[in-house]
Structure formats: C-alpha cells, structure tokens
Amino acid sequence: MTQTPPVRRRPPRAHAKGENTRAQILDTALQMATRTGLSSLSLGAIAEHTGMSKSGVFAHFGSYDDLLIAVIREYHHRFEQEIFRPALQQPRGLPRLQALFDLWLDRVAREIDAGCLYISGAVEFDERPGPVRDALVALVRAWQQALSHAIALAVHEGHLPASTQPDQLLFELHALVLAAHHKARFLGDADAMPMARQGFARIVQRTLHSGPPDSARTISPIPMTATGD
C-alpha cells in the first residue's frame with residue numbers, strides 16, 4: 001500500500017494575501033453595485049478596477065452568483081456595524097428603537113448619491129428567483145427581525161403600550177425610510193430626512209396614545225436627537 005502524500009497547506013502569509021485580495025474585490029464590487037446595481041456587475045469591470053484578470057477575480061468565488069451573494073453579505077456586515085451595533089449601546093426600549101431608526105436614516109442620507117443595496121436589490125430581483133434573491137431576502141428579513149425585537153423590548157419595558165402591533169409599527173417605520181429614500185434620491189428634495197424623523201415622532205406619539213390612558217403615560221416622549229441628515 002502506498003503512503004498517502006501529506007496535505008500541502010497554504011502558508012499563512014499566502015492565506016492572508018488571498019483574504020486581502022478577496023476583500024479588495026468585494027469592496028470594489030460593492031461600490032460598483034451601489035452605484036449601478038447588482039445585476040450590472042461584471043467580472044471584466046471588476047477586474048479593470050482592481051487591476052486583476054477576470055480569472056484572478058473569479059478564482060476567489062465559486063460562481064457569479066457566489067460573487068453577488070458575497071457582495072450582499074458584505075453590505076449587510078457594514079450595515080450592522082454602522083447601525084445595529086451602535087444602537088445596542090442605548091438602553092433597551094424606545095431609546096434603542098429610536099437609535100436604530102436614526103442611524104438607519106443617517107445611512108440612507110449618506111447613500112443618496114450611491115444608493116441603498118437593499119432598496120435597489122429589491123427592485124432588481126423582485127421577480128428573479130434564485131440564490132441571489134434568497135440571500136437578499138434573508139438579510140433584509142434579518143434586519144427587520146432586529147427592528148421587530150427592538151419594538152417588542154419597548155413594549156416589554158413599558159415604553160410602548162401592550163396594545164402595540166409590532167408588525168404594523170415595523171411596516172410604518174420601513175415605509176418612512178422608503179419614502180425618504182424616494183423623495184431624496186429620485187425627487188431631489190432636501191426635506192426628506194427631517195420629514196422622516198418627524199414621521200417617526202408622530203408614529204411613536206400615536207402609538208403611545210393608542211392604548212389605555214394609564215399605559216400612554218408610562219414614559220415621557222423622547223426628544224428627537226440632533227443627528228445629522
């Protein structure tokens with residue numbers, strides 16, 4: 001019986017170089033996708049921007065769909081780091097929910113020129129079943145679940161009445177962001193973000209007064225933060 005040859009492992013330095021190259025490809029692809037859309041990404045364009053060959057770009061991903069999914073996941077990772085993680089530093093309940101909304105809106109404001117991958121991706125892949133759409137849906141739902149959990153905590157802490165309908169409140173907050181994005185990016189209106197923040201305050205006030213009188217007085221309204229638009 002012949003002896004099995006030892007497995008040749010990639011040297012740590014080569015592995016680190018490969019990871020850095022992959023990160024560079026993803027960063028370039030993500031910048032391109034937010035400007036022109038996921039479906040417009042091409043290996044040739046990415047290769048040109050990174051100074052690599054098409055085969056060199058492709059070698060870091062199993063397929064074109066895998067590349068798109070990796071871009072979506074990278075976007076979600078940055079989304080979490082900019083919005084979800086900082087919001088967790090706020091007290092549980094309405095302060096954390098407001099932080100999530102404010103930080104989300106701040107990101108949308110910064111993405112006016114580039115574009116939100118979740119919003120544009122939904123338009124591109126709403127009728128295109130497959131693994132890319134599935135990945136996009138899964139990550140959007142993960143974000144919505146985080147918001148829904150924040151709403152549930154606000155109810156648990158007594159900041160919102162027990163009669164609060166989490167799904168309805170989540171729907172309305174999401175609608176505010178979509179409307180702000182459309183008004184700012186498509187119509188070019190400068191008042192989109194302030195109007196969205198005012199909409200959040202009105203939704204919270206309406207929700208506070210939707211329950212029994214006692215529950216409506218469990219917490220004073222939180223003043224709107226002076227975050228930049």
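Tyr 75 counts as buried because its relative accessibility is 1%, where buried means under 20% relative accessible area, exposed over 50% and partly exposed in between, with a 1.4 Å probe and protein chains only. The model is predicted, so local features need pLDDT of at least 70 and side-chain atom pairs count only at pLDDT 80 or more, while totals for chains, interfaces and linings use all residues. Residues are numbered from 1 along each chain as its sequence is written, and side-chain values use heavy atoms, with hydrogens and water left out.

The structure holds six aromatic pairs; rings of Phe, Tyr and Trp (its six-membered ring) pair if their centres lie within 6.5 Å, and planes under 30 degrees apart count as stacked, over 60 as edge-to-face and the rest as tilted. Tyr 75 and Phe 79 form a tilted pair, 6.2 Å centre to centre with 35 degrees between the planes. These two residues are four apart in helix α4 (residues 64-87) and are therefore separated by about one helical turn; helices are DSSP runs (H or I, at least four residues) numbered from the N terminus. Phe 79 is buried, at a relative accessible area of 2%. Tyr 75 also pairs edge-to-face with Tyr 118, at 5.0 Å centre to centre and 75 degrees between the planes. Because Tyr 75 lies in α4 and Tyr 118 in helix α6 (residues 117-125), this pair ties together parts that are 43 residues apart in sequence. Tyr 75, Phe 79, Trp 104, Tyr 118 and Trp 143 form one aromatic cluster.

The charged end of Arg 107 sits over the ring of Tyr 75, 4.8 Å from its centre; for this, NZ of Lys or CZ of Arg must be within 6 Å of the ring centre and within 35 degrees of the ring normal.

Tyr 75 and Arg 107 are among the residues that line the second largest pocket. On a 1 Å grid over the protein atoms alone, a pocket is an open set of points where a 1.4 Å probe fits, with protein on both sides within 12 Å along at least five of seven lines, and lining residues have an atom within 4 Å of a point. The largest share of this lining, four residues, comes from α1 (12-36).

The largest pocket is lined by 19 residues, and those closest to its centre are Tyr 118, Ala 122, Leu 136, Val 137 and Val 140. Helix α7 gives the most to the lining of the largest pocket, with seven residues.
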